[in-house]
Every structure is written in C-alpha cells, then in structure tokens.
Amino acid sequence: MAGSDTDGEGAARRPGAPGGRGGQAAAGRPPPEPLSAAEAPAPGAALPAWMRLYFYGMHGVTVDVLVSSARRFARSPDPRMLGFSSPYRCLLHALTHLALEKLYLQKRRCPSASLFNLLLYPSAHVALQTLAGQALLLGPGGGLGGTGALDLALHYTLALYHSQVFLERFLRLRYRQQQQQQQQQQRLGAPPAPPGARASAAAGGRRRGPRGPRATAGTPSRGLPDLLRFLFFGMHGFLDEIFFTFFFNVLGQGDGAASGHTSLWSFLMYGSCSFVVEKLYFYLHYSRGWSTWKRVPIYVIFIYVWELSWGLGLRTCGACSWDYSHYPLNFMGLVTLMYLPGWIFLSVYQDLLSNVLWRVQYLPTH
C-alpha cells in the first residue's frame, strides 16, 4: 500500500529521503501522525459536474414521487401508491441542488454551525424550492405543492434532510478515472480489468480475478457498495417511468397530463431487477466474454419474467399500477411485446451505467 512500501531489507522507503544524512535526519524525527478521514486525500476526484446534475435530478424526482405519493395516500388510501413528477421538475431539481451544493460547501466559513444548519441553509433551500414551484405553476410542467404553512414546513424538513443526510454523504463520492483504477488494481496485485475490456488470462490458462470482496473473475473489484447500487437503480427506475409516462401523456396516448407517474412499488421492482441484471452483465461480459447482443436476450427474458412475477404478486393485493390488456401481444395484461424495443434500449443503457458506477467510490466516515 502507498506509504508503507518496503525495500528488500525491510527498511521503509520514503520519498525525498532515500538514505544518508537525509535519511538519518528523517529517522531522528518522530513519525507523522496519521491523517483523519476528513484530512486524508480522497482516492479520486470529485464527481464531474454532469454526473452530479444527473444524480441531483434523479434524487429530486425521487423526493417528488415520495411526497406526492404520501399526500395522495393520505387523501385516499390506494395500495398502488402512485407518485408524480416531470422532466421539468427533474431539470429544476438538478439546477437548484447544484446551487445549494455551492452554498453547502461554504459551511466552514460560517462562525456557527447551528446557525448555518438550522437557519441559513434551510432558508436558501426553501426560497429556491418555492421559486422553482412558482415557475412550474406558470409553465407547462405544473406544480405539486403550494406555499402554505404546511408546504413551508415540509420544505424546511427536506432542507434539513438535504444538508444533514443527503449532501453529507453524497459529497463523499469520488470518481476514479480508468487509468487510476488500473493503477490501483495493479497495486493490489490484480491484472487491470477496466470496464469495457476483458481481463487477460494468467499464466497457465487460468483467469485471475481482481482481489476484493465478492469479485467475480475478470470483473472490476471496486465501486459503490451493493446497498448504494440498489438505491441508485431504484431511483433510476422512478426516473425511467416518470419520463416514459410523461412523454406518453404529452404525445396524446395518455390522459394529457403534463406530468409523469410511477408507483412506490417500482422502486423495489426496478432496484432488484437492475441489480440482478448488472450481476449478469459482469459475469457474462467479463467472465464469459459475451458480446452485447449475446447478453441482451438474456437480460430481456429476465426482465419479462421479473415484470410478470411482480405483476402477479401486486395484482393479488390490488397494488398493480399497470395493465397492458388493451395492447396487442400482451400476456395477462402484465407484459407486452410492444415494449420490447424499450427494454432492449434500457438493457444496453444499464451496461453503460454499470461501467460508470464501477468508477464511483464512497469514502466512508470514520
């Protein structure tokens, strides 16, 4: 590991002090104290701006769905638990979250942490969200809330969550470039296996996999923990359905509403399905060497089986939010071949997402 490499005789090597008087002088000084997690340099750069905007928009849509679903359920309990948002709101969430991030990074300049956490940041958050809500009321995207006392209290609560929970952890994500990832794998003693390329076989014809927890032979061994990957795929499922139903409505095939809808059950359904499909991708691509068009049929078959299974389960308790009975080539109204092009596109797109996610790392607090 860096900072603890030794030479053949066991003596620690340090840059700038290879030996002689400099090495003796260095040996006479007490060793430096280890850096804390907050002071230590992060293993990689901060997420690029485009990636942060992507995450922020997706996170904002998720909050919209949760809030609107809770409001709707409180008025009229519905086991489908439908929630609403729109691409307009996604864009505004991405931009406002990025502006609030800039403010959050100035936290250390404030003389009082309590003043910043309980007043300054929540005030800016509430003001931006209120302005965004008013802009949506005047535009084609519509609005999901108002400016009453309950709405302001909700925005204040979300502001506390955003600063104390979400940003506190989100800003610990680091993006490792492909070259950095290869160098780290070489330091760990594993052959380079960047996303998009198969790991080379070791001597004797045996394939060596990177060292790391649950690393499949030939797959990258770094990336987000499984729980965070599941959360990402669940939120991305919300985003997919919101965009699809929005454009479906706008193009005149739906009810004409200027928003998209999804169900809270979709979080579990998409999160679990994408999580398994990603495992299939790493196994089939890195271990078996299958090309994209050999993998896609496996993905699509699994997706259809997964959708049918969830549909049957949700229908038994009246919670199924979709019905394809009016489409041709449907089975029990739960799956239809009309959506086959969409599933193929999302399958290929998820491979790209998985390659990106394997370069994102979470720097835990200590």
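First entry: I count 10 helices and 7 strands in the protein chain, taking DSSP runs numbered from the N terminus (helices H or I, at least four residues; strands E, at least two). This is a predicted model, where local features need pLDDT of at least 70, side-chain atom pairs count only at pLDDT 80 or more, and totals for chains, interfaces and linings use all residues. Residues are numbered from 1 along each chain as its sequence is written, and side-chain values use heavy atoms, with hydrogens and water left out.

Burial next: of the 366 residues in the protein chain, 39% are buried, meaning under 20% relative accessible area (1.4 Å probe, protein chains only).

Then I looked up α10, residues 340-357. Its 18 residues reach 25 Å from first C-alpha to last, close to the 26 Å expected at 1.5 Å a residue (1.5 Å times one less than the number of residues). Buried residues in α10 include W343, S347, L353 and L357. Among the elements covering them I find α2 (49-75), α7 (226-250) and β7 (360-362); contact here means heavy atoms within 4.5 Å.

Last, how do α8 and α9 cross? Their axes come within 10 Å and cross at roughly 155 degrees, with lines fitted to C-alpha atoms over the stretch in contact and angles running from 0 to 180 degrees between N-to-C directions. I therefore log α8 and α9 as roughly antiparallel (over 145 degrees). The contact includes W265 and L268 of α8 and F302 and W306 of α9.

Terms used
Buried means under 20% relative accessible area, exposed over 50%, partly exposed in between (1.4 Å probe, protein chains only). Angles under 35 degrees count as roughly parallel, over 145 as roughly antiparallel, 65 to 115 as roughly perpendicular and the rest as oblique.
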